[in-house]
Amino acid sequence: MASRVEIDEDNDNKGSMWVLDQKIDEPMDEEAGRLRNMYREKKFSALLLLRLAYQSLGVVYGDLGTSPLYVFYNTFPRGIKDQEDVVGALSLIIYSLTLVPLIKYVFIVLRANDNGQGGTFALYSLLCRHAKIKTIPNQHRTDEELTTYSRSTIHERSFAAKTKRWLEEQAFIKSTILILVLVGTSMVIGDGILTPAISVLSAAGGITVNRPDVDNGVVVLVAVVILVGLFSMQHYGTDRVGWLFAPIVLLWLLLIGGIGIFNIWKYGAGVLRAFSPVYIYRYLRRGGKDSWTSLGGILLSITGTEALFADLAHFPVSSVQIAFTLVVFPCLLLAYSGQAAYLTHNLNHSQDAFYRSIPDRIYWPVFVVATAAAIVASQATISATFSIIKQALAHGCFPRVKVVHTSKKFLGQIYIPDINWILMVLCIAVTAGFKNQSQIGNAYGTAVVLVMLVTTLLMILIMILVWRCHWIFVVLFTGLSLIVECTYFSAVLFKVDQGGWAPLAIAGVFLIIMYVWHYGTVKRYEFEMHSKVSMAWVLGLGPSLGLVRVPGIGLVYTELASGVPHIFSHFITNLPAIHSVVVFVCVKYLPVYTVPEEERFLVKRIGPKNFHMFRCVARYGYKDLHKKDDDFEKKLFHNLFMFVRLESMMEGCSDSEEYSLYGQQTEQSRDGMLNNNRNTASVNVDLSISSVDSIVPARSPTHVNFTIQSSGHGSSQTEVDELEFINNCRDAGVVHILGNTVVRARRESRFYKKIAVDYVYAFLRKICRENSVIFNVPHESLLNVGQIFYV
């Protein structure tokens, strides 16, 4: 094993794989390229698109479709003084629906999906792939070779490149973007509380219209019973009843559209003049401050647009666009126009305009469908809340909670028990506490407009970095969006004391929880990075590591994807023995929606062969679920054995602080070798090459083939011996070694930092799930290593 491999200076930019390996991998690279573009290039037949558009109605448009239940009530809570006010309000609704859901979301924002995934964190993941703005810098260049790690190249002199450098150089900007994302996430969680409350309460309110003698307390009780049933059924998932959602929402939309046509025919088509924007100006000028504050009610006509993006799931964008433009948009316009036509002749019926505008013969059937549609809308928002919390969890921005898959067919259908019951309690508290739609509507509007503002600000960066749009389009999008949303935001500010404080309080609590948790996570990672053990120290211990090597395999869990963690040195300095085989296991989440199973594990060797030390990095996307999987350990060892077999086909192994797989050598090690000799760099393969994947290619294919043939017999024998050794150690027992790092604030820290770290973060760590539960570690095989560090 004294072979030597040489590289020339002009070869330092090439991949570091064997020539034979490169030939084998060329078709694989082509296939990977096809996989990366599979989502974008996939074509759907017209019939399939229509079918998917129909199915998307139940998942995506439930919330937006039920808005006619409560919009006019929240717009005119004190009644209507003039018919022209109704026309002005209708004009505002028409143009709000056109500008925000139709133009902004359906035709622009939906295109910013992350391989079919929507929501605030999907936008953040896109940005993280195009600029190094992630606050936990645990990514490696090999992560960019994933088939799902799609990103576009940026020219160095472009405005996008300048923006990218500006973002990467400013730590304050990175933190600001993260806080923006957390604010949007907090508001979506608030949305998940308020949507079921207002939708179900508004639907149940139809009882008092036909039965005036029924007390309002009965309506609240009915709404609470429905909500308890809805949240109690969440653990079954939507897979079994999901097929009902699309027909219910379609029937609902057709009903409200038909009722709208009936009312326009019955009360006159004079309200259709609201399609002229002139009536918006007249309405605001005539009503003054009252008209301005009524915008908080108009805003409710576009609620559900953010859930539309978050619930995009795996529906093609074109199918969602077809569903909105052909069904949802026309039906909503007809529904609002019909209600406005009715109100022009019944000015005192604004509080229950929807139910009073229904023809008597179909009143109760419509009531039943309205209640069902409200439940579907609530379900869509709850599912969106689960989804975005799962994404926050993967980005290290939410405490570890139990996540359950409710469907074997669909990866995105999940259930989070702890969050479900918190949502239920808060939802019932809002419903029973406010008791009327007006105050809940004020709260709802505040949550919706803040999420829209966050999406707009993130979309500006998406248009610059990802799409690289011309600055004129960026300015147009930003200007129109901010004008509309800031106008609505100024209106809801007047209603903060009338219920608008509720989402701010709820979102504030969740924002503090997420930010403190993320802060603690970052500090723990920085501690591990700064205190990791040098390879020189490990090599100086010798093959026995200065200890007794007992039979068995020790799996040391760490957050580091490179280097030897401090927990290892802490362990061996306190115990006189270590296992014969040590594997450092790092489970990390990447800013991609999923990592293919065949690309999940990366394995490398640490130190010479006789040290029997390895590293295994398990990579997950934010949609992947690291569930209680007995196969995790089995897959880990399968990849370890595969690594040993592949390694035996090539020469050498060694230690390196950095590693790179699939043929990419690290810049640091390559530069170091080139500096040793300006013409050639000579490497001892037993000490300087990190793994099989980073062996430097020889200039001559003949030399490489000769080396393989000459050492083939010895390497195969070594392979058999090491595989047998690892198998025997595995049979002797596997011990899982987890670090239990306690974070404490320094004595000289400010009081708010002490509260955040010593109390809030410590409490969250105490109540969240242990790593041993997440990794499904058997209790009898678990070994916790405690350590304290101060921040």
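Arginine 600 is buried in this predicted model, with a relative accessible area of 7%; buried here means under 20% relative accessible area, exposed over 50%, and partly exposed in between (1.4 Å probe, protein chains only). Its side chain meets that of glutamate 597 in a salt bridge (3.0 Å, N to O), a term for a side-chain nitrogen of Lys or Arg within 4 Å of a carboxyl oxygen of Asp or Glu. Glutamate 597 is partly exposed, at a relative accessible area of 40%. Salt bridges with shared partners join Glu597, Arg600 and Lys635 into one network.

By this rule, the count comes to 12 salt bridges. One of them pairs glutamate 485 with lysine 104 (2.4 Å, N to O). This pair links distant parts of the chain, 381 residues apart: helix α22 (residues 471–493) holds glutamate 485, and helix α6 (residues 83–106) holds lysine 104. Helices are DSSP runs (H or I, at least four residues), as are strands (E, at least two), numbered from the N terminus. Glutamate 485 counts as buried at 2% relative accessibility, and lysine 104 is buried at 3%.

A further salt bridge brings together the side chains of aspartate 114 and arginine 129 (2.9 Å, N to O). Because aspartate 114 lies in the loop between α6 and α7 (120–130) and arginine 129 in helix α7, the pair ties together parts that are 15 residues apart in sequence. Aspartate 114 is buried at 0% relative accessibility, and arginine 129 is buried at 1%.

As the model is predicted, local features need pLDDT of at least 70 and side-chain atom pairs count only at pLDDT 80 or more, while totals for chains, interfaces and linings use all residues. Residues are numbered from 1 along each chain as its sequence is written, and side-chain values use heavy atoms, leaving out hydrogens and water.
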